[in-house]
Amino acid sequence: ERIAQEEDFNGGHMTLEDCVVRLGQLICRWAISQDPPYAIHIGVHSGILHKMVLRNGSEAYYGEPYAEAKRLADMAPQDFCVQILKATKDKLNVLERLPFT
């Protein structure tokens, strides 16, 4: 089943990658503002996700983007950061000039 494609987000010249990186930034901001702060690591990777409907009717998602994003989050060197691969950074449009280290 189709979940989202890059064309869905290009109205504001934001790529899908721009959108998910920005969402990660906003989630980190929220986590920092909690009392006490909620330590969080976020990984972002794009690609095709697959959806599976479980016996209880809930949905589960799987695929290479999920696995890679989890790996990136697990490798994060500090709390409150968004980890992305160079391949994902190369797909940014609106956020392409932000400093990523």
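This is a short walk through one protein model, from its overall layout to a few single residues.

The model is predicted. The protein has three helices and four strands, and along the sequence these run in the order α-β-β-β-α-β-α. There are 101 residues, 28% of them buried. The accessible surface is about 7200 Å², and carbon and sulfur atoms account for 56% of that area. On contacts: take the pairs of residues at least 6 apart in sequence, and 54% of those contacts join residues at least 24 apart.

Strand S2 covers residues 50-53 and strand S3 covers residues 59-62; the two pair in the antiparallel sense, with four bridges.

Now helix H1, which spans residues 16-33 and holds Trp 30.

On to the cysteines. How many disulfides does a search of the whole structure find? The count is zero. A disulfide is a covalent bond between two cysteine sulfur atoms, and the cut-off used here is 2.5 Å between the sulfurs. For Cys 81, the closest cysteine sulfur is that of Cys 28, at 6.7 Å, so the pair is too far apart for a bond. Cys 81 itself is buried, at 12% relative accessibility. Cys 19 comes out as partly exposed, at 21%. The boundary for buried is under 20%, so Cys 19, with its 21%, does not count as buried.

Last, Thr 88, in helix H3, residues 86-89. Thr 88 is buried, with a relative accessibility of 1%. Which residues is Thr 88 in contact with, leaving aside neighbours within four places in sequence? They are Glu 17, Val 44, His 45 and Ser 46.

Conventions. Residues are numbered from 1 along each chain as its sequence is written. This is a predicted model: local features need pLDDT of at least 70, side-chain atom pairs count only at pLDDT 80 or more; totals for chains, interfaces and linings use all residues. Side-chain values use heavy atoms; hydrogens and water are left out. Buried means under 20% relative accessible area, exposed over 50%, partly exposed in between (1.4 Å probe, protein chains only). Two strands pair if DSSP finds at least two bridges between them. Contact means heavy atoms within 4.5 Å. Accessible areas come from the Shrake-Rupley method with a 1.4 Å probe; for residues, only the protein chains shown count as cover.
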